[in-house]
Structure formats: C-alpha cells, structure tokens
Amino acid sequence: MLAVDVTTRRSGFELDMSFQVGEDEILGVVGPNGSGKTSLLRIVAGLDPAMQGRVLLDETRWADTGAGIWLPAERRSVGYVPQGSLLFPHMTALDNVGFGMTEPEKALAWLERLGIADLAGARPAELSGGQAQLVALARAQARSPDVLLLDEPLASIDIANRASIRRTVRRELQSGRQHRIFVTHDPLEAVALADRILVVADGRVSQIGTVEDLRRHPRSRYVAELLGLNLFAGTARGGVIALADGAVLVAAETPDGPAFATVHPRAVSLYTSRPSGSPRNIWRAPVTAIEPSLERVRIEVGGSVPVVAEVTPEGARGFREGDDVWVAIKASEVQAYPR
Amino acid sequence: MSIPRRLGILATVGIAGLVVPVVGLIVRTSWGRVLSDIGDASSAVRVSLVVSVIAVTLAVLTGVPIGWVLARGRFRGRTVLRAAVLLPIVLPPVVSGVALLAALGRNGSFGRWLDGAFSIGLPFTTAGAVVAAAFVAIPFVALVAEAGFRGVDAELEGVAATLGAGPWRRFRRIVLPQAAPALAAGIVLGWARAVGEFGATITFAGNLPGRTQTLPLAIFFELEQDPAAAFSLSFVLVVISLGMLLAARRAWMR
C-alpha cells in the first residue's frame, strides 16, 4: 500500500492531497493542465524536497517531514516515466534502459519485452515520440520498482501508432504487482487504463473512486463534465429536486434532502415546438452553442437550468444559436443520489 | 537576405582593422629566422608551457565546479557571486596583478600568513606566474562551463535520480557528457588566456628569464633589443592562438 498525504507550495500554487494506492492497483490521476498532477508525481518520486507530509510504502517511510525523514529519489524504489520521455540524449536506447540496472547486460530483454529490440542502438533523437515513450517505460521498469509513475504516457504519441502503443503501455501497466499511478488530462485515457480514478482540481482531490463510482455519482460539475454528464445540485423530496432559481427536476426516484442528479446528454431531447406526450421535465430556453463532432452534435442550452444535449446531425438541423428551444427530459433518465 | 549598405561598410572597416595587423606581422616575419629565434627563446617557451598548463589545470579544477554552482545553485547572492567570479575578465590585467600583490605579496594580508606559516612566497616565482595566469583563466572556464551546464535539462538529472543515481553519478554520467563540448571550449579559451597573460604576470611575478618570463614578456622585451626576434615569436603565438581558436570552435560546434 502506498499512502500519500502531502502538501507543497510554490509561488502561488498550493497542492494538498491525500490518497492511497494498493499493490496491484492502477490509479489514474485526471485533471486540467496546471492542476498539480505532475507536482504530485514528483513528490512521490522524491523530486520535490520542499514537500510537507508523509509518503509511506507499506512500512517504509519515504517521507515523513514531521519526523524529519525525506528520502531522495535515488533511495526510493520508484520508476518514473516523465512527460515527453526525457531519454538521456547522449546514450543509445539500450544504454538508457541499462542506466539504472544492476545488470545492464539484461537491458536488451526489456526492449524485447516491449517489442522494440530493433531500436537498441538508436539515439533518442532518432526515435518517434511513441518509440521514445516505450524506451522510457522500459528504462523505468527495468529496475522492477515497487511504484511506477507515468506522466501523460500517451500524450506524445502520433495518432497512427496510438493504438499499438496504447496496447503495449496497457499490457505493461497491467502486468506485475506494483503500485501504479499515471497522470492524464484525458478522461477517456483514464477510464481505459485505470482501476480507480483520482480527479484533481486546483491541487486538491476533487473525487476519487472507480470509474463506475464516478459515473454513477459525480460530486462536482468538473467530474461530471469529464465524464460527459449533466450534473444538477438541489434539494430532493418525494421524486422532485428543487434546483436554484425555483426550477425543479422530476426524477423517478430521489433520496430526501440535499441531492445531486445526473442526466446523460443523449437523454436530453430538444424540440422547436412544445412536445406533446409524457416527458415530466419540459422547459423553454435559448441555444447558447452548437458544436458539431463526428457522430453527434453537442448543443448547449442556457437559461436558469443550463443543460447539454447530444443529438444526431440530422436531429440538430432545425436549431440555431440564439433560438429558443424546448428541452425535454424523462423522469426515468434523471439519476438522483444524496449530496 | 541582403545586408544594409551602411552596416556592410562599417563591418568591412572593422574587419580590415582586425586583419591588417596580423597580415602586417606575417609580412614582417623573417621566415628563415623563426626556428632559430624559437630556439633562443626556449626558456620562455618552456616557462609559458609550464605556467599555462598548470594554470589551466587549476582553472578547470576550480572553474568547472564554479560553473556548476552558478548554473544550478539556488541561493541568495548568486548574482553577486557571478559578478565577483567574472570580474577578472573585465579588470585591466595590471590591476589584477596589483590586487594579487596586495593580497599575496610578502607584505600582503594573506601573503604574510603564507610566508609565516608555510614559508611560501609567491611574488616573482614561477608559482606566482601560475597564480597570475590562473587568476585570469578561471573566470573564462567558469563562464563557459556555466553556459554548458545550463544547456543540460535539469529534469534529466531527476530522472537519473529515480533510476538510483546519486548526485556524483548524475553529474558524471548525465551532465558531464552533455556539457563536454562547452567544457572543452572553456578549457581552450582559458588556456589561450593563460598563454597570453601579460599585465598581471609582469606586475605580480616580474620578468625573470627562466622563471617567470613567459613568451609574451619575452616578446615585449625583445622588441627593444631584436625586433626581428619579437616578430618571429609573435608569429608563433599567432599560429598557436589560431590553432586553439579552431579547436574551440570545433568543440563548440560539435
């Protein structure tokens, strides 16, 4: 078990986080750029001497500043794959992998394991972003560290190679018994690779849980947006959630008291004229933005209860920004849970 | 891209000013005498070699660590420290010599202690000439080394640390190889500066043939007695300097 409970402060930025990662577990850290993800990895790696608090690996204290303990990186059993790989430019791929090994002659086996033995003699400058990433991963893993840290492992990979490299990274992440933490700005990547997800915002833990936990019960607008959900906060009683501004949302079931509710954007229907039929939640509001993507069109509707709808390109034809539309949501599509 | 005419003219004037004296020297050199003149000045050549090699060794041993401290150190007063270290580059050499005399002369504050405690007297000795040359060479090595170290991504050292490398191994295996071209250039520049030292040397170490009389001093005093010999020796220094410049450039550009 890796237990982290730390703070650090640097020119206007403050990080304050507490969480644990089990052996055999992959923790995905998601958050916007500048939220403190890389700082967190550097603290765990032992690259931030200014941190305060505790980093414990089982019974070993990597850092316990209250007791005056702080082990530098070279004394922690840690593998670090920094963003952009950061291979040693004056060494071949093979020498990069062998750098930290007690038996450097076994470095080639690690390149073979990641399917890049043919790159052994190449200099970092000759490698593509994805190849460099794999070498950096081999270099970090070659010491069989207890804790593996990856910073944006898939960010520097060109789209053509993304699938195969993602596969290799995933396989490497999922093999072995290690505490693994990776950082990403891309929620899809976190969902694809992580056992549990830690959402970071402004240097703090916004929410931590399995993908399912987060999807079912996002506890902040940021988390909901990461997962592509509409999130509403209000007070529920008997199937009705009172939102701010006097608006209400009707759900099939609600707890009593402060509650969150989520609605998937595809469950939000838009009409140019008042729909007839059963939907319990119907209101009229202006379209504030229309964003086409490949298969669905995202339409943002403003008013007192802002909501995002996803419709097919055909379904989006009648709408223009600024026009008023009718919003309809079935009560059965509103998922409510205690706040 | 075309060069503005005014700049071109001024640059041409400047280049002519730089090249003409060297050409003049080459023209005045009597080729037949060069070898025998060097032979006559063999003791100055020897002193120059000994002094400059020891001085540049000292400059590397101290200047490289200074460059490291300036590049990576995070402490208050680093700017002041850098200014203090680089001062000898801009100081008139004779002032450097006077300063050395004031501190390390027999009546100097530090020199008296050296003399009393170890019976070491630096002024007017070969060791003094080494000190004078090192005094002006160290800042060059430190300056170029700092630039070289700054060119090495500090993050790479962090990665090396996570791979189990302690500070010394990180310096030796990660930083030094990458800064090597800059360090080589620094060494060449520092050596060139040590070889050419005149003002500080004559002020602090004097002009004692066979002990402190280096090639530049020999040339200066030969100019009154045998100008042709002065031209020969100057020509030799031009060739050596040019060689060093090319070596430094190659190291720099690699």
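In this predicted model, 14 residues of chain B are in contact with 17 residues of chain A. On the chain B side, helices α8 (154–162) and α9 each supply at least two of the residues that touch chain A. The largest share comes from α8(B), with seven residues. By type, the side of chain B that touches chain A holds eight nonpolar residues, five polar ones and one charged one. For the complex, the predictor gives an ipTM of 0.81 and a pTM of 0.80.

Confidence within chain B can be described in the same terms as its elements. The average pLDDT of chain B is 90, and 98% of the residues score at least 70. Among the elements of chain B, α8(B) has the highest mean pLDDT, 95. The lowest, 78, belongs to helix α6 (residues 109–118) of chain B.

Helix α9 of chain B, which supplies residues to the side touching chain A, also packs against another helix of its own chain. Two packed helices are described by the angle between their axes and the distance between the axes. How do α7 (residues 126–150) and α9 (residues 167–196) of chain B pack, and at what angle? Their angle is about 155°, and their axes are 8 Å apart. Angles over 145 degrees count as roughly antiparallel, so α7(B) is roughly antiparallel to α9(B). The crossing of the two helices is right-handed.

Both helices bring a set of residues to this contact. From α7(B) these include Ala133(B), Val136(B), Phe140(B), Val144(B) and Gly148(B). From α9(B) they include Val175(B), Ala179(B), Leu183(B), Gly186(B), Gly190(B) and Arg193(B). The residues of the contact of α7(B) with α9(B) divide into 17 nonpolar, three polar and one charged.

Along its principal axes, the C-alpha trace of chain A spans about 75 × 50 × 35 Å. Of the 339 residues in chain A, 41% are buried. Among contacts in chain A with a separation of 6 or more, 65% are between residues 24 or more positions apart.

Technical notes
Residues are numbered from 1 along each chain as its sequence is written. Chains are lettered from A and ligands numbered from 1 in the order in which they are written. This is a predicted model: local features need pLDDT of at least 70, side-chain atom pairs count only at pLDDT 80 or more; totals for chains, interfaces and linings use all residues. Axes are lines fitted to C-alpha atoms, for helices over the stretch in contact, and angles run from 0 to 180 degrees between N-to-C directions. Helices (H or I, at least four residues) and strands (E, at least two) are DSSP runs, numbered from the N terminus. Angles under 35 degrees count as roughly parallel, over 145 as roughly antiparallel, 65 to 115 as roughly perpendicular and the rest as oblique. A crossing is left-handed if the near helix is turned anticlockwise from the far one by less than a right angle, and right-handed if clockwise. Two residues are in contact if their C-beta atoms, placed from the backbone, lie within 7 Å. Ala, Val, Leu, Ile, Met, Phe, Trp, Tyr, Cys and Pro count as nonpolar, Asp, Glu, Lys and Arg as charged, and the others, Gly among them, as polar. A residue is buried if 20 or more other C-beta atoms lie within 10 Å of its own, exposed if 12 or fewer, and partly exposed in between; C-beta atoms are placed from the backbone. pLDDT is the predictor's confidence in each residue, from 0 to 100.
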